[in-house]
Amino acid sequence: MSTELWYALVGVVLVAVSFGAFMAHTHLFRRLLAFNIMGTGCFLILVGLAQHERAPDPIPQALVLTGIVVAVASTALALILLRRWFAATGRTTLPEEDDA
Amino acid sequence: MNRRRVFTSVALSVGLAVMLGGAVLTRTVPPFDLAVDLAKGIPQSGVTHPITAVLLQFRSYDTLLEIAVLLVAVVVALALRDPQGAHSAAPESVMVDSVITTPVLASLTLMLLPLMIMTAVYLLWAGAFQPGGAFQAGAVLAALGILWRVSGRRIGPFATNRWQHVALLSGFAAFLAAATSTLLFGRPLLAWPFSYAGLIIVAIETVLTVSIGISLLGLFASAPEPVDKRA
Amino acid sequence: MTEPLVGATLLPLAIVVPLLWAVLTLVRPRRRPTWLVLPGLVSWLAICAGLWWQTSRHGVLTHVLGAWPEPLGIALRADGLGSTMALLTSVIGSACALYRLWTPMDADTLGAQHWFWPLFFMFGAALNAVWLAADLFNMYVGLELLGLSAVGLVAISGGANALAAALRYLLAALLGSLAYLLGVALLYAAYGSLALSSIAAVATPNTITYVALALITAGLCLKTALFPLHAWLPPAHAVSLSPVSALMSALVVKASFVMLLRIMMDVGVSIVTPSLAQGLGALGAGAIAWGGWQALRHADLKMLVAHSTVAQIGYLFVGMALLLGGSAPELAWDGLMLQLVAHALAKSAMFLAAGTLIAAVGSYRVADLAGVSRHTPMALFAFGLAGVSLMGLPPSGGFSAKWLLLQSALASGQWHWAVALIGGGALTAGYIFRVLGASFKQGTGDTFESTPFGWDVVALLLALSSIVVGVVATGPLAVLRIGAPLAGATS
Amino acid sequence: MLTLLFDVLLGLGLVVAALGALWSRDLFRAVVLFIVFGLLVALAWIRLQAPDVALAEAAIGAGLTGALLLDAVGHLRRTSRTEDS
């Protein structure tokens, strides 16, 4: 197994684990953490698998740079909405997803 | 958290792992090799670092839209903290001050200030031929701003300051202008003539660095204020 | 020779011009933005109309960005579908913008006013970027731009409900685009390219391609709000400002659908088995039934219209099933295209009319509409006309669309889809007449608010065009076939 | 051999940090583990010969996102009426 394939597989595990957490959690903040880890796993697959049995490929690396900026923009937007929502209602979950 | 939800999630997670794992392990070497095309294209791109060439030449359109994404996030952030906005009625009395004011942090920030600016400039300059570039440099600038703010210094309310507004926009506006200008000369969008390409890219990266830094900082600073002093 | 070149310049302009207006409206946010916004709308309309005209005359137009040829670079491509959707976007976008400009501003809405226009133009640019994209990763960035600006438009609508709807929508959008990106990552690993056309040429049925297509399909179905992944849509569409609801129901869900359609027809067509196509169609039939049923029983008028969107999305997927797994794909293509166009026009008209009715009555409840027929007959008429198209009564666009799909289903011997199509029409008739019936009841008093005349005009024009498009369907359909990924297609 | 060991340990470390960030009871600890995760990913990018991405990940992925998350969690924690898990 090449280093690249190994990290792609680590990416697979990260995506699967964080997807599970994304579905299991109702706390919006935790779902956001899961989204970020899922994104990172996805990026590892993108670069790792493309470079497996190949020379280092700058194209997926550049795509990941774009992806990281998009992810941080989305995360920031979600956090702002979440903080507003929390300030207005005192909740950290969506209305239909109260466990209590 | 109920049992059924956890069980479903675990099942989904395992299913996804099997699917993805199967796909990753059965992958064969692809028919196209863009890295070869890329190596051929770099001498015509005006820069030597391949990543910069991809981000600001071959796939510069992606980068343009990506800056637009960042701008949208900032606009929404500003919209939701606008004192005249729809949410001004939301009670914020529950919030307390989150500013950490330890003297150590404050003096550390002062010491770090020139160092971080230097780092940002270095990263920007390095981007032309080795790892680095506008995004990393912008992030360092933003980090500087965040440290500045966390250490108790005020940057001022973001939405009201017209000047910051313009700085925020300048990166995207300059990029957009540079992208569109080529159409006037009958060339495709973003097709800069070779002799100017290097210069244009450096200029765009410089403006973008400041703009990205301010945007990222704006996303941080325009989160609802810990204490709404105007209220 | 020069003319197609001029035409091809329209492709980047369709994206750059809205972006420019996003910047302009952001630099100088003002209370009365009319004279800043109108030139933007006019140039946007002109560019998209020109693009449509050029495509109809010269066939598929391609613009190679930065002069870097694919697959190293990115190209913009306007086929019949792309340029028609761009034209439709500019028409519906302008209509919704006019509706917004005619909205009287009070203290509550002024704050949002500053930020509405930059987001609106970003949103328009993002839609055009998706319609004209020919690169898998570029589609991803376009989709994210669209998703975030749409979430922003929902969030600034005001109130805690809007925040909840925006958050729910954002989570769905982020998960959907991440699934899509995972699929793209696998396709890049498998084929070494991101250009849709170059992958289409070499796509082979193997595990990695199947998994990639499954992820892309799942992600894009979530973003299109295909049943049973639709839960985010009704609240987001119902809670927004009416012009935003109209834009989202008419266009946003179609962006991810068109992406899925392109990927399926280019990459998936030789790989997707008929049973998988039937599965997608079954979900579509489920959407028709569930959306129609929910629309019948919701007390809130905008929730009713939003659930109608869930149902109408179902028709798109039934069309896709017939396209991929039927023996009359040409008929299915025509029906599908017409459904895209007719539903966009009818649903935007319906949301705008519903907004007018709600403003007139001062309540969101269907039951409170009693007596409104005499007070705001124009809006109600527009609502009814749009309903005619959604139900699929002749001679509307909705009728022609469903008729073509029906013929395709019967020609393929898959008449179970015919049951879904006709049953869906009956459900639609049910909820439309529920609204009309409530409106024609005797009112208790004359406590209606007056609404701007311009609102009625905009909604009525959109509703009329959703009817007219059925009468003159052959013209648009000929353009929509340009560059269509069908065996007998002209290009 | 040593790099192989490093890769294996780093991969496991990534998964463990991710699990911690996803499932730890305390939100604050979850965010700290997320930042640790980001820094470990930066190492993985270096192993994948992607120094640009490593820089961006450390600065944006771990640094900036981390700061955003920490700020938000501090806000949520202080004002949360019922500490939720």
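This is a predicted model: local features need pLDDT of at least 70, side-chain atom pairs count only at pLDDT 80 or more; totals for chains, interfaces and linings use all residues.

User: Why is C:Ile15 called buried?

Analyst: The criterion is 20 or more other C-beta atoms within 10 Å. C:Ile15 has 29 C-beta neighbours inside 10 Å, and therefore counts as buried. The residue lies in helix H1 of chain C. Leaving out residues up to four places away in sequence, C:Ile15 touches C:Ala125, C:Asn128 and C:Ala129.

User: What separates the C-alpha atoms of C:Ile15 and C:Phe121?

Analyst: Their separation is 9.7 Å, although the two residues are 106 residues apart along the chain.

User: What makes H1(A) largely enclosed by the rest of the structure?

Analyst: Of the 22 residues in H1(A), 19 are buried, so the helix is largely enclosed by the rest of the structure. The helix covers residues 3-24 of chain A. From its first C-alpha to its last, H1(A) reaches 32 Å, close to the 32 Å expected at 1.5 Å a residue.

User: How do you know that the span of helix H17 of chain C is close to the one expected?

Analyst: H17(C), residues 415-440, has 26 residues and reaches 37 Å between its first and last C-alpha atoms.

User: Which residues of H17(C) are buried, and what covers them?

Analyst: The buried residues include C:Trp417, C:Leu421, C:Gly424, C:Thr428, C:Tyr431 and C:Val435. Among the elements that cover the buried residues of H17(C) are helices H11, H12, H15 and H16 of chain C.

User: What makes E1(C) and E2(C) a pair of strands?

Analyst: The criterion is at least two bridges between the strands. E1(C), residues 61-64, and E2(C), residues 75-78, have four bridges in the antiparallel sense, and therefore count as paired. C:His63 stands opposite C:Leu76 in E2(C). E1(C) has a covered face, made of C:Leu61 and C:His63, and an uncovered one, made of C:Thr62 and C:Val64.

User: How does chain A stand against the radius of a compact globule?

Analyst: A compact globule of 100 residues would have a radius of gyration near 13 Å, but chain A has 17 Å. The C-alpha trace of chain A spans about 55 × 25 × 15 Å along its principal axes. Chain A has three helices and zero strands, and 77% of its 100 residues count as buried.

User: Which residues have the most contacts inside the largest nonpolar core?

Analyst: They are A:Leu77, B:Ala73, C:Val154 and C:Leu357, in a core of 373 residues. Helix H6 of chain C, residues 159-191, gives the largest share of this core, with 26 residues. Leaving aside neighbours within four places in sequence, B:Ala73 is in contact with A:Ala73, A:Ala76, A:Leu77, B:Leu219 and C:Leu148.

User: Which two chains have the most contacts between them?

Analyst: Among the five pairs of chains that touch, the most contacts are between chains B and C. The contact takes 54 residues from chain C and 47 residues from chain B. By class, the side of chain C that touches chain B has 35 nonpolar, 17 polar and two charged residues.

User: How do you know that chains C and D do not touch?

Analyst: A contact requires C-beta atoms within 7 Å. Chains C and D do not touch, and their nearest C-alpha atoms are 15 Å apart. Chain D does have 34 residues in contact with 36 residues of chain A. H3(D) gives the most to the side of chain D that touches chain A, with 13 residues. By class, that side has 23 nonpolar, five polar and six charged residues.

Conventions
Residues are numbered from 1 along each chain as its sequence is written. Chains are lettered from A and ligands numbered from 1 in the order in which they are written. Helices (H or I, at least four residues) and strands (E, at least two) are DSSP runs, numbered from the N terminus. The radius of gyration is taken over C-alpha atoms; the globule rule is 2.2 Å times the number of residues to the power 0.38. A residue is buried if 20 or more other C-beta atoms lie within 10 Å of its own, exposed if 12 or fewer, and partly exposed in between; C-beta atoms are placed from the backbone. A nonpolar core is a set of buried Ala, Val, Leu, Ile, Met, Phe, Trp, Tyr and Cys residues joined through C-beta atoms within 7 Å. The expected span of a helix is 1.5 Å times one less than its number of residues. Ala, Val, Leu, Ile, Met, Phe, Trp, Tyr, Cys and Pro count as nonpolar, Asp, Glu, Lys and Arg as charged, and the others, Gly among them, as polar.
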